[in-house]
Amino acid sequence: MEYAYLHFHATLKDFISPVKRNQIIAYAVDRRASVKDVIESCNVPHTEIDLIIVNGVSVDFDYIVQNGDEIHVYPVCSTAAHEPCRPLHHLSPPIAENPRFIVDVNLGRLARYLRLLGFDCLYRNDFADPSIAEISDKTNRIVLTRDRKLLKRRIITYGYFVRTDIPEAQIRETLHRFNLYASLAPLTRCTHCNEKLVSAEKPFIAHRLKPLTRQHYDKFLMCSGCHRIYWQGSHSTRIARLIEDFCRQPVR
Ligand SMILES: [Zn+2]
């Protein structure tokens, strides 16, 4: 049997079982297979990959794996020096200045936090995987998921596997991965339906306010989709502290 040898670098090791994480993975070359298929057979989704260097040459996903190949796979944001391998074929697509997201069914809190910070984020608790993939493909939305099988779908170009299952850590991870700190716009989008908030004149909405709210607040925002009313104070102190915490860019 002939083999190709896979070396996964940096954060791509997160997808490899702990036993094999720091080992070279031998792949039995017993059929014609693209390097994309070979890499995904190791459970690493293509959306996580930026560079594939085979025998010192930068290749794309369609490269057909050969016996004896030494395949080095690097993630997006890799800091490894690749100078000797130029020209480099970067495989991760450029991210829009104001990226939009579609979030998998199990990440509802992450979706609400993204909206809280102003990001356009589609979420439904009954989204099926094919629908998420199709919407992402048609609208260039970035898929955020904890399901690596979803990210392996061929039509998904923009995606990210969220590593942690703690929502507050998930939002920090997402802000960091896509470097969203310059695009933060807290309290400009409805956390319930994702539509933009617009200012609302108090006389027009006063009949919908509870007496104490009507008495103590004068500035209001209304969701342009579901018509929920927001005002300073409608978010708890905990949420205000979370926003402050999320908006603080970590020192690298
Ligand atoms: Zn709304």
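Predicted model: local features only at pLDDT ≥ 70, side-chain atom pairs only at ≥ 80, totals over all residues.

Tutor: Take the open sheet of 3 strands, which run in the order E10-E11-E12 with antiparallel pairing. Strand E10 (197-200) and strand E12 (229-231) are the edge strands; each has a single partner strand, so one side of each lacks a neighbour in the sheet. From one strand to the next the twist averages 40°. The pairing of E10 with strand E11 (residues 220-223) is antiparallel and covers 4 bridges. Within this part of the model, Leu197 lies opposite Cys223 of E11.

Now the nonpolar packing. The largest nonpolar core has 28 residues, and those touching the most other members are Phe101, Val103, Leu110, Leu114, Val143 and Leu144. At least two residues of this core come from each of these elements: strand E6 (101-103), helix H2 (108-116), helix H3 (129-139), strand E8 (142-145), helix H4 (148-151) and helix H5 (167-177). The biggest contribution is that of H2, which gives 5 residues. As background, nonpolar side chains in soluble globular proteins tend to be buried together.

With neighbours within four places in sequence left aside, Phe101 is in contact with Leu114, Phe119, Asp120, Cys121, Arg141, Ile142 and Leu144. Of these partners, Leu114 and Leu144 are also among the core residues that touch the most other members.

Key
Residues numbered from 1 in each chain as written. Pairing = 2+ DSSP bridges. Axes fitted to C-alpha atoms, helices over the stretch in contact; angles between N-to-C directions. Core = buried A, V, L, I, M, F, W, Y, C linked by C-beta atoms within 7 Å. Buried ≥ 20, exposed ≤ 12 C-beta atoms within 10 Å, placed from the backbone. Contact = placed C-beta atoms within 7 Å.
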